[in-house]
Amino acid sequence: MRSTRIFVLAFAAALVVLADRPATAQTAAQKSPPPTAADWAALAKLPDLTGVWEIGPGGGGGRGRGAAPQGPSLTPAAAAKRKELQSLGREDNQTANCVPPGMPGIMGQPYPMEFLLTPGKVTIVIEAYTQVRHIYTDGRPLPEDPDLKFHGTSVGRWEGTALVVDTIGFSPLTDLAANVPHSDKMRIRERFTLTGPDTLSIETTVTDPDVLTAPYTTTRTLQRHRSWTIAEYVCQENNRNFVDDKGKAGVRLDDPAKTTGK
Amino acid sequence: MRRLTLALVAVTLLAAGARETAAHHSFAPFNLEAEKTISGTIKKFDWTNPHTWIWIDVSGDNGKVETWGIEGMSPNYLGRRGWSKNSLKPGDKVSIVIRPMRDGSPGGMFVKATLADGRELRPTGQAVE
């Protein structure tokens, strides 16, 4: 009787403790203990990816210089879907309305991004659309059933001189490539490798068994700009471009004073 | 010759991934095959994202003044290529080459500008450190 009461009390106490910690915070607390001085010092031994990078001249652009000339190799269903989407003749996509492209397109913008290394994490601050990627390098696994995000959920690990990042769980609002929607099985692996004092190679391999018949790999080369800083980019500040529901693109020339108040 | 230049520009843009060069939208509303030069007085220069906008008052043949809106690259992009928010000031006399709007409305995409003192502004070039 007494032991039952103790058990009930202990169980209630456990519930209170658990209820007090949101599941995500609890996970983070378990996976990321406070960094020690040794953790910070260990960062200096990693390849120095820190700083502001931009795709260099001839460095690949959004399509990737190293892309196979024919682009991604599609399954019959995906090829049919692309043909159907192309036949709609849509002039633009939602980026014209300031919706960010998500992965993988966000990594191909003509704007710089800053890499930050902290214990257990690489953060990429992306100027275009003011986006950020969180890459956990603390050994945690990818989630079994991730929420679907524009940038997915990423974990990374250091392999020799390369940072290897695996990402899953992408929002259906993002595309694998132009007119190529992805399935919920899309995975992206990126290899970040320093190829010189201020040059970075990013090899991106996309797999998706429902959409691709072979892995789709592109490579970009980025230049580091030591004197640059990341600038503000609020797309809604003065966006006069738009695309309507039928895919018709347009420009608003009305009222120059409207968006800036002058 | 001009047609050849335009063709080269188009091919270069395609090779570079034209969408990405424009950053956040397609060129569909603009006629990339056409080039038009407008001259007038700067009314306002929006140093804003996602695009700069040059508002320029242009006098028509009938003496009526019409305000044109010219879309340029973003301040982030141009700022790393020698431009600033003071590159164009209200009252500046300027002549601007544009790719005009396909629908004929008074606007276009910026190609280059020439100021009264001969200074030329272009949206391209090697980024400066």
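**Close-up views of a predicted two-chain model**

**View 1. The residue that follows helix H4 of chain A.** In this predicted model, helix H4 of chain A gives way to A:Gly89, a residue whose phi is positive, near 65 degrees. The helix itself covers residues 76–87. Its end C-alpha atoms lie 16 Å apart, and this agrees with the 16 Å that its 12 residues should span at 1.5 Å a residue. H4(A) is hardly covered, for the count of buried residues among its 12 residues is one.

**View 2. The closed barrel of chain A.** Nine strands of chain A form a closed barrel with mixed pairing, in the order E1-E2-E3-E4-E5-E6-E9-E10-E11. On average, neighbouring strands of this sheet are turned by 30 degrees against each other, direction ignored. The whole of chain A has four helices and 13 strands. Of its 262 residues, 29% count as buried. Among the contacts in chain A with a separation of 6 or more, 58% come from residues 24 or more positions apart.

**View 3. Strands E3 and E4 of chain A.** This view turns to one pair of strands from the barrel. Strand E3 (residues 121–126) and strand E4 (residues 131–136) of chain A run antiparallel and are joined by six bridges. A:Lys121 stands opposite A:Tyr136, a residue of E4(A).

**View 4. The side of chain B that touches chain A.** Contacts between the chains involve 29 residues of chain B and 31 residues of chain A. On the side of chain B, two or more residues each are given by helix H2 (18–22), strand E1 (36–46), strand E2 (52–59), strand E3 (65–72) and helix H3 (75–79). By class, this side of chain B has 10 nonpolar, 13 polar and six charged residues. For the complex, the predictor gives an ipTM of 0.82 and a pTM of 0.84.

**View 5. Residues 1–22 of chain B.** Over residues 1–22 of chain B, pLDDT stays under 50. For this stretch the model has 19 contacts beyond four places in sequence. Where pLDDT is low, the predicted coordinates should not be read in detail. Helix H2 (18–22) of chain B, named among the elements that touch chain A, falls in the stretch where pLDDT stays under 50. Chain B as a whole has a mean pLDDT of 85, and 82% of its residues reach 70 or more.

How values were computed. Residues are numbered from 1 along each chain as its sequence is written. Chains are lettered from A and ligands numbered from 1 in the order in which they are written. This is a predicted model: local features need pLDDT of at least 70, side-chain atom pairs count only at pLDDT 80 or more; totals for chains, interfaces and linings use all residues. pLDDT is the predictor's confidence in each residue, from 0 to 100. Two residues are in contact if their C-beta atoms, placed from the backbone, lie within 7 Å. The expected span of a helix is 1.5 Å times one less than its number of residues. A residue is buried if 20 or more other C-beta atoms lie within 10 Å of its own, exposed if 12 or fewer, and partly exposed in between; C-beta atoms are placed from the backbone. Two strands pair if DSSP finds at least two bridges between them. Axes are lines fitted to C-alpha atoms, for helices over the stretch in contact, and angles run from 0 to 180 degrees between N-to-C directions. Ala, Val, Leu, Ile, Met, Phe, Trp, Tyr, Cys and Pro count as nonpolar, Asp, Glu, Lys and Arg as charged, and the others, Gly among them, as polar.
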